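Me: I'd like to go through this one label by label. Could you tell me what stands behind each term?

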Amino acid sequence: MTERKMFELQTPIPELILRGTLLFVLFMALFRILPRRTGGELAPMDLVFLLLVTESASHSLGDFDSLPDGAVQIVTLMALNYLTNRLSFASPGFMRLVEHAPIQIIRDGQAIPRNLRRELLTAEELRSHLRLNGIDDIAQVKSAYVESDGRLSVIRADEETDQGGGDEGISRA
């Protein structure tokens, strides 16, 4: 049996890049179809990146005998994450492909049962989120949304409709 060296590449670089790319795409697709609350407060892209980098790092520390194998996969994942973020910023169509759109779950003080079911959000969980926002009665809510990162955003019924919160003042440099 030949002795493998820690700093010698054991797997061809194209195979390592392909493995990292396939895992990245697979996890992005899976997180796209899962309800938002599954990912917690991390955006799906960030969660995928974190999971895959951790997995690659663990292989480079244990399953692989070679540090360069893990390093190639980590660099591949970093490049894919950067590219995904860059494309999301530059292309609204690509952003819609990789991120969830916000979904309204309360309209004019009334829960929208279909959307709650779609997000697997129970009435008790909704009440808990409202309490965390300082609201003890759903009637106080003009609208509420589950955002793309799984957080709940709430607009109170007593707030003015336009407080300059739109993105009219945001320009892309």
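**What the labels rest on**

Reply: Let's start with Leu-120, which is exposed, with a relative accessible area of 52%. Exposed means over 50%, buried under 20%, and partly exposed in between, with a 1.4 Å probe and protein chains only. This is a predicted model, so local features need pLDDT of at least 70, side-chain atom pairs count only at pLDDT 80 or more, and totals for chains, interfaces and linings use all residues. Residues are numbered from 1 along each chain as its sequence is written, and side-chain values use heavy atoms, with hydrogens and water left out.

Me: Where does Leu-120 lie, and what is its phi near?

Reply: Leu-120 sits in the loop between helix H5 (113–118) and helix H6 (123–132). Helices here are DSSP runs of H or I with at least four residues, strands are runs of E with at least two, and both are numbered from the N terminus. The phi of Leu-120 is near 55°, a positive value in a residue other than glycine. Most residues other than glycine have a negative phi.

Me: What makes Asp-108 exposed?

Reply: Its relative accessible area is 60%, so Asp-108 counts as exposed. Asp-108 is in the loop between strand S1 (103–107) and strand S2 (110–111), and its phi, near 50°, is positive too.

Me: What makes Glu-15 and Arg-19 a salt bridge?

Reply: The rule asks for a side-chain nitrogen of Lys or Arg within 4 Å of a carboxyl oxygen of Asp or Glu. For Glu-15 and Arg-19 the N to O distance is 2.5 Å, and their side chains meet in a salt bridge. They are four residues apart in helix H1, so about one helical turn separates them.

Me: How many salt bridges does that rule give, and which residues are joined into one network?

Reply: The count comes to three. Glu-124 pairs with Arg-127, the closest N and O atoms being 3.0 Å apart, and Glu-124 also pairs with Arg-131 at 3.2 Å, N to O. Shared partners join Glu-124, Arg-127 and Arg-131 into one network.
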